[in-house]
Amino acid sequence: MKPYAIASPDPLLSAAIRHKIDRKTKPRGALGRLEGLAHQIALIQQTLDPELRQPHIVVFAGDHGAARAGVSAYPQDVTWQMVENFLAGGAAINVFTRRLGLDLTVVDAGVNHDFGKRPGLIDAKIAPGTANYIEDTAMSAAQRDAALERGRGIAHALADNGCNCIGLGEMGIGNTASASLLTHCLVGAEHDAELYTVTGRGTGLDDPGLYRKRSLLAQALQRGGRTHDPLEVLVQYGGLEIAMMAGAILGAAERRMLVLVDGFIVTSALLVAHGLAPAVLSYCVFAHRSQEPGHRVQLDFLQAEPLMELDLRLGEGTGAALAFPLVQAAVDFMNEMASFESAGVSDQARSPG
Ligand SMILES: Cc1cc2ncn([C@H]3O[C@H](COP(=O)(O)O)[C@@H](O)[C@H]3O)c2cc1C
Ligand SMILES: O=C(O)c1cccnc1
């Protein structure tokens with residue numbers, strides 16, 4: 001595996017970008033978070049005139065052996081059935097990407113189903129799902145490395161085709177459980193009790209279901225241990241779609257793409273990527289705060305402030321897609337808004353009295 005070549009953007013242009021934002025016809029700072037967003041994107045692209053080219057949502061799908069042990073409210077077959085739904089255009093993410101003019105690609109990272117060759121689907125199947133991490137490691141080191149590399153390659157291929165903004169999404173029954181274990185390990189937790197604060201209802205477990213999920217994850221932790229190493233965590237508890245998303249985030253940052261981060265599961269992949277190359281954070285926009293309780297823990301750990309809070313708990317990249325118009329608006333005001341000079345508007349606030 002080639003080492004990841006990721007540095008934060010050169011801050012040299014920062015003052016000039018700030019100046020351009022401040023000369024727009026508005027009180028200083030009045031566009032709030034959009035100003036920070038415009039600044040971030042301009043810095044990533046090293047320009048005063050940023051643009052979003054061929055924005056793309058990529059949904060990574062994978063099955064989880066632990067789903068059969070009962071960590072989700074839904075059966076494992078829903079993973080492949082939802083992939084079919086994506087390909088038929090009927091899922092929430094299809095509706096939102098169509099409305100917002102975003103390209104959508106689905107990646108089979110490890111679904112327990114044979115889809116054949118299908119338009120809109122990248123076959124990157126590493127295995128037909130992970131092993132049940134309650135009894136055994138989820139994947140081999142070779143499978144993990146293959147997943148990371150495929151994800152990286154998918155991001156690079158998009159960049160080669162002119163895309164500079166990628167939103168990540170996922171589908172995998174049981175993947176909130178995997179994300180809980182990854183999060184527990186990667187935020188540096190030391191005690192079993194902390195596992196419960198990052199374990200939620202996922203697709204909608206009832207109280208007994210949540211209790212069962214927590215005790216199964218505690219068993220998994222007993223078996224695999226509390227490693228803080230991002231590569232080892234993937235082997236112990238990962239999902240193939242999560243590993244591939246981590247690779248895609250790293251690959252996107254290598255190519256200086258803007259990364260729209262969705263909810264709890266995508267952020268667990270980001271924790272892995274961040275563990276391998278902390279500078280990936282400079283390329284990330286946090287779309288929303290998911291209702292899954294562990295998302296708050298992840299965002300606090302990364303010191304990230306999401307753009308929206310809509311009580312979403314769906315995944316599929318829906319939050320990333322919905323945040324796109326805000327990101328586009330940030331770029332648009334940078335390029336299209338008049339400055340005090342060009343519009344002949346006085347920039348003098350009245351003196352007191
Ligand atoms: C019909 C349906 C559509 C979905 N789309 C995304 N997810 C979401 O739910 C799953 C994670 O929750 P858990 O860990 O509880 O299984 C993931 O597949 C995620 O993307 C869905 C779940 C269902 C049931
Ligand atoms: O926040 C998420 O990504 C999420 C939450 C619940 C179910 N699926 C995804």
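Visitor: Which residues come nearest to ligand 1?
Guide: Happy to start there, with the reminder that this is a predicted model. The shell around ligand 1 holds 18 residues. Those that come nearest are S72, T176, G202, T203 and G315.

Visitor: Which element gives the largest share of the shell around ligand 1?
Guide: Three elements, α3, β4 and α6, each supply at least two residues of that shell. The largest share is three residues, and the element that provides it is α6.

Visitor: How many residues of the shell around ligand 1 are charged?
Guide: Let's go through the classes. Eight residues of this shell are nonpolar and eight are polar. That leaves the charged class, with two.

Visitor: And ligand 2: which residues come nearest to it?
Guide: Around ligand 2 there are 13 residues.

Visitor: How many residues of the shell around ligand 2 are polar?
Guide: The shell of ligand 2 includes three nonpolar residues and three charged ones. The polar count is seven.

Visitor: At what angle do the axes of α6 and α11 cross?
Guide: Helix α6 covers residues 175-186, and helix α11 covers residues 264-276. Their axes come within 9 Å, and the crossing is left-handed. The angle is roughly 35 degrees.

Visitor: Which residues of α11 make the contact with α6?
Guide: On the α6 side you will find N175, T176, A179, L182, T183 and L186. Seven residues of the contact are nonpolar, five are polar and none is charged.

Visitor: How far apart are the axes of α6 and α12?
Guide: Helix α12 spans residues 294-302 and packs on α6 at about 35 degrees, in a left-handed crossing. A179, S180 and T183 of α6 meet G294, V297 and Q298 of α12, a set with two nonpolar, four polar and no charged residues. The axes are 11 Å apart.

Visitor: Which residues of α11 does α9 meet?
Guide: The axes of α9, residues 230-237, and α11 come within 8 Å and cross at roughly 145 degrees. Five residues of this contact are nonpolar, one is polar and none is charged. P230, V233 and L234 of α9 meet, in α11, the residues V272, G275 and L276.

Visitor: What is the order of the strands in the open sheet?
Guide: The sheet has six strands with parallel pairing. Its edge strands are β3 (121-123) and β6 (284-286), each pairing on one side only. Neighbouring strands are turned by 25 degrees against each other on average, direction ignored. Read across, the order is β3-β2-β1-β4-β5-β6.

Visitor: Which residue in β4 stands opposite H56?
Guide: Strand β1 (residues 56-62) pairs with β4 (residues 165-171) in the parallel sense, over six bridges. In β4, the residue opposite H56 is I166.

Visitor: Which strands of the sheet does helix α3 touch?
Guide: Helix α3 is made of residues 77-88 and packs on the sheet. Its direction makes about 155 degrees with that of β2 (103-110). The strands touched are β1, β2, β3 and β4.

Visitor: What distance separates the centres of domain 1 and domain 2?
Guide: Domain 1 takes in 11-51 + 333-343, while domain 2 runs over 56-327. Five residues of domain 1 are in contact with eight of domain 2, and the domain 1 side has four nonpolar, no polar and one charged residues. Taken over C-alpha atoms, the separation of the centres is 32 Å.

Notes: Residues numbered from 1 in each chain as written. Chains lettered and ligands numbered in written order. Predicted model: local features only at pLDDT ≥ 70, side-chain atom pairs only at ≥ 80, totals over all residues. Near = placed C-beta within 6 Å. Nonpolar A, V, L, I, M, F, W, Y, C, P; charged D, E, K, R; others polar. Axes fitted to C-alpha atoms, helices over the stretch in contact; angles between N-to-C directions. Helix = DSSP H or I, 4+ residues; strand = E, 2+ residues; numbered from the N terminus. Left-handed = near helix turned anticlockwise from the far one by under 90°. Contact = placed C-beta atoms within 7 Å. Pairing = 2+ DSSP bridges. Domains from an automatic or database assignment.
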